[in-house]
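Dear colleague,

Please find below the structure I promised to pass on to you. My notes on what was found in it follow directly after.

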Amino acid sequence: MNMSPRLPACGLLAIALIGPGCVTMGPQSIPRDRLGYSSAIGESWKEQTLLNIVRLRYADAPMFLDVSSVVASYSTEGQLDAGVNFPAHASANSAIGGYGRFTNKPTISYAPLTGDKFTQGLLRPIPPASVFQMIQAGYPADFILSATTRALNGNYNRSAGVNARPSDPQFVELSELLRRIQRSEGLGMRIEKRENGDTTLLFFRGGANAQLDEDIARVRKLLGVKQSAEFNLVYGATARNDSEIALLTRSMLEILLDFSNCIDVPAEHIAEGRTTPGYRLAGTENSAGPPLATIHSGPQPPADAYVAVRYRQTWFWVDDRDMPSKRAFAFTMMFFSLAETGSSAPMPVLTIGAD
């Protein structure tokens, strides 16, 4: 019996089959899995957001699926068998074999945005304090107010949908002034805990230069507030007194509707009545102001897109070289977190086999 020539070959075969699984299991799998799943979920989130923006432009209901959990389960198996018949003679048969197997069984759970989760995520207005927290964090005040706010002390922003209207000139001026004050570090906020709940206070820091003092004075006049050290920030269309700043914020659905009116839809879709013209381009008669972002459309997939989806035989995308639109789209995704002020839905319970 001469088994030596076959044993190493079969043994190496089994090791080769099992080896890759052993190398990528345990701590070594964390960087690969974490980055891989994070990248895939992030890209799908962008595509889902853009798809729902496009759907709203065509009067389709938005539909969101959250990835509630991801569980990756790995297993490896290996076996090496050998056998020989005795007594050994010319007709005796000997056998040797081996196999290896590496198995990856990810379990991904999806949770549709419905019921109370839908109300919290899409229909509930963003808290006014969250809007100014983003401004305090350094995000442009003019963009944040244009995207999230319907009215500021009775000065109305543009609206989309059935009640579409252009912006009040005072709202546009307020947004620009607050952006200049923000750049000069002239706007501050503080949250105080009181018996009836948290109170958000806004204040202006003047005295740095003459231009800043002039801008603050103009903002006070447009808002109709007094010369005060600080102002209460409240939710509403108009202030109750001259020491309040009332912010009527939008819901996430309103923000998505606003973005949907920025899509450059095919002209034939408008002519056929499939969708509405949306906002007019900046600079034309009765302009509603510059769009929050530019979303392109065309019959062919884009060559260089930040995010792209196909809908109704048409491609829609944000150009990867358009930094303002990319930044605006990223802000939109962040607004989802600001809108979810209620408790999250319970996580699903998974049973994972240990074999």
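The largest cavity is lined by Phe132, Leu152, Leu178, Leu187, Leu202, Phe204, Leu223 and Ile245. Please bear in mind that this is a predicted model. By class, the lining comprises eight nonpolar residues, with no polar and no charged ones. The volume of this cavity is about 40 Å³, and the structure holds one cavity of 30 Å³ or more.

Leu178, one of the lining residues, belongs to helix α6, where it is buried. The helix covers residues 169-183. With 15 residues, α6 reaches 22 Å from its first C-alpha to its last, which is close to the 21 Å expected at 1.5 Å a residue. Besides Leu178, the buried residues of α6 are Phe171, Leu174, Ser175, Leu177, Arg179, Ile181 and Gln182. After the helix comes glutamate 185, which has a positive phi, near 60 degrees.

Leu178 also takes part in the contact between α6 and helix α5, the latter formed by residues 141-148. The two axes come within 7 Å of each other and cross at roughly 145 degrees. On the α5 side, the residues involved are Ala141, Asp142, Leu145 and Ser146; on the α6 side, Phe171, Ser175, Leu178, Arg179 and Gln182 meet them. By class, this contact has four nonpolar, three polar and two charged residues.

With kind regards

Note on methods:
Residues are numbered from 1 along each chain as its sequence is written. This is a predicted model: local features need pLDDT of at least 70, side-chain atom pairs count only at pLDDT 80 or more; totals for chains, interfaces and linings use all residues. Side-chain values use heavy atoms; hydrogens and water are left out. On a 1 Å grid over the protein atoms alone, a cavity is a set of points where a 1.4 Å probe fits but cannot get out, and a pocket is an open set with protein on both sides within 12 Å along at least five of seven lines; lining residues have an atom within 4 Å of a point. Grid points are joined across faces, edges and corners, and a volume is the space filled by probe spheres set on the points. Ala, Val, Leu, Ile, Met, Phe, Trp, Tyr, Cys and Pro count as nonpolar, Asp, Glu, Lys and Arg as charged, and the others, Gly among them, as polar. Axes are lines fitted to C-alpha atoms, for helices over the stretch in contact, and angles run from 0 to 180 degrees between N-to-C directions. Helices (H or I, at least four residues) and strands (E, at least two) are DSSP runs, numbered from the N terminus. Contact means heavy atoms within 4.5 Å. The expected span of a helix is 1.5 Å times one less than its number of residues. Buried means under 20% relative accessible area, exposed over 50%, partly exposed in between (1.4 Å probe, protein chains only).
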